[in-house]
Amino acid sequence: MTEREAYVKMVVAHAKAMEANNEFAATLEKRLQDVPCTDELYVIKKVVRELKLGLKMAQDRERANAAQLAAAESGFFA
């Protein structure tokens, strides 16, 4: 193999490596864009906490209403 052929082979391999590196960098940049920032995560966590609290309160009210209904029915049918 002559020096010129070796050089051409090296340049082609280098170009392929640079192309793969650029594709990798683009993939990482896209993934970083898809990840929410800290402020967004804080807001999401706050909303989830509020929804959980609202659900618990609704379940508690439902249990209380069911107990009242049971008590009213037992008094009505007694």
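The questions and answers below go through the salt bridges of this predicted model.

Local features here need pLDDT of at least 70 and side-chain atom pairs count only at pLDDT 80 or more, while totals for chains, interfaces and linings use all residues. Residues are numbered from 1 along each chain as its sequence is written, and side-chain values use heavy atoms, with hydrogens and water left out.

Reader: How many salt bridges does a search of the whole structure find?
Author: Side chains of opposite charge can pair when their charged atoms come close. A salt bridge is counted when a side-chain nitrogen of Lys or Arg lies within 4 Å of a carboxyl oxygen of Asp or Glu. By that rule, the number found in the whole structure is three.

Reader: Is Asp 60 buried, partly exposed or exposed?
Author: Buried means under 20% relative accessible area, exposed means over 50%, and partly exposed is in between, using a 1.4 Å probe and protein chains only. Because its relative accessible area is 32%, Asp 60 is partly exposed.

Reader: Which residues do salt bridges that share partners join into one network?
Author: In helix α2 (residues 38–76), Asp 60 meets Lys 56 at 3.1 Å, N to O. Asp 60 also forms a salt bridge with Arg 63, with the closest N and O atoms 2.7 Å apart. The network therefore consists, through shared partners, of Lys 56, Asp 60 and Arg 63.

Methods: Helix = DSSP H or I, 4+ residues; strand = E, 2+ residues; numbered from the N terminus.
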